[in-house]
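Open your viewer, switch to a cartoon view and keep the sequence panel at hand. We will go from stop to stop, selecting as we go.

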Amino acid sequence: MNFEELDNKMRRFEQSLDLIILPEIYLAVRLDGRNFTKLTKEVCRFEAPFDIRFRDAMVDTARHLMECGFRIIYGYTESDEISLLFHPDDCTFGRKTRKINSVLAGEASACMSLRLGVTACFDSRVIPLPNQECIKDYFSWRQEDAHRNSLNAHCYWMLRKKGISAREATKQLEGRSVSWKNELLFSEHINYNDLPSWQKRGIGLYYSVYEKSGYNPVKNQEVRAVRSKIETELELKTGQEYQDWIISLLQET
């Protein structure tokens, strides 16, 4: 059997599980840190429940993913996860899920590892979204997850810092309402509403357009060039205003 015959034969097996997201479907990807509780608390010993150093590492990783070869118009990060919204015309790797997942997980893991100086690993999943309403729902869902995680984390670590064990702190918070948790924090002079917005709502990254001055030596004159750069938003809106803003990013591309 010559190489061409062997190559054709084996590629059938290699490609047998390929899934492709159709061009008409919007595409998002979510990456999650693997064993990041151990990474942040035991290996890097970041401050609990939130540490600006870890926040900045996650933002830098999200920024890297937006610049690593895919056409991504919005990035969102909260806790140890990153969500990416692809431009509808992006057809990198023919929209094969195995390629998108493996490349983005590898890029994120490498970037975070270099950023922290220790091994860090992400997994990745492709999320097909059939319409713009689903895009709104998806990012609202992740923002609500950020809110729930933030409130729980502040309550949990407040109890832990008072000397309560991990098991007892978890038990005390189990099944408790949002209002109860807010009152718990307030009893220790912590007003949840006054905490930094990025801790409660997550962080958004998007492209903005600006003009840059240049010089054309051939025509011996100044010129203006249009460039784009990634902006970081630490004060995200919520609800309908947040949803409409994300769709506006999609429509501006």
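Start with the sheet: six strands make an open sheet, ordered S4-S1-S3-S2-S5-S6, with antiparallel pairing. Strands here are DSSP runs of E with at least two residues, helices are runs of H or I with at least four, and both are numbered from the N terminus; two strands pair if DSSP finds at least two bridges between them. At the edges sit strand S4 (122-129) and strand S6 (221-233), each pairing on one side only. From one strand to the next, the twist averages 20 degrees.

A note before you click on: this is a predicted model, in which local features need pLDDT of at least 70 and side-chain atom pairs count only at pLDDT 80 or more, while totals for chains, interfaces and linings use all residues. Residues are numbered from 1 along each chain as its sequence is written, and side-chain values use heavy atoms, leaving out hydrogens and water.

Next, select strand S1 (residues 26-33) and strand S3 (residues 81-86), which run antiparallel and are joined by five bridges. Click Asp 32 and look for its bridge partner in S3, Glu 81. Now show helix H9 (residues 239-252), which packs on the sheet and touches S1, strand S2 (72-78), S3 and strand S5 (203-216). Contact means heavy atoms within 4.5 Å. The direction of H9 makes about 145 degrees with that of S2; axes are lines fitted to C-alpha atoms, for helices over the stretch in contact, and angles run from 0 to 180 degrees between N-to-C directions.

Stay with S2. Is this strand largely enclosed or open? Seven of its seven residues are buried, so S2 is largely enclosed by the rest of the structure. (Buried means under 20% relative accessible area, exposed over 50%, partly exposed in between, with a 1.4 Å probe and protein chains only.) Six bridges join S2 to S3, and Thr 77 stands opposite Ile 82 in S3. The two strands form a hairpin with two residues between them, and Ser 79 in the turn has a positive phi of about 55 degrees. On to S5: S2 pairs with it over four bridges, with Tyr 76 partnering Gly 204.

Finish in the loops. Between helix H2 (36-43) and helix H3 (52-66), find Pro 49; a cis peptide bond joins Ala 48 to it, with omega about 5 degrees. Then select Arg 95, in the loop between S3 and helix H4 (97-116). Arg 95 is not a glycine, yet has a positive phi of about 60 degrees, and is buried at 2% relative accessible area.
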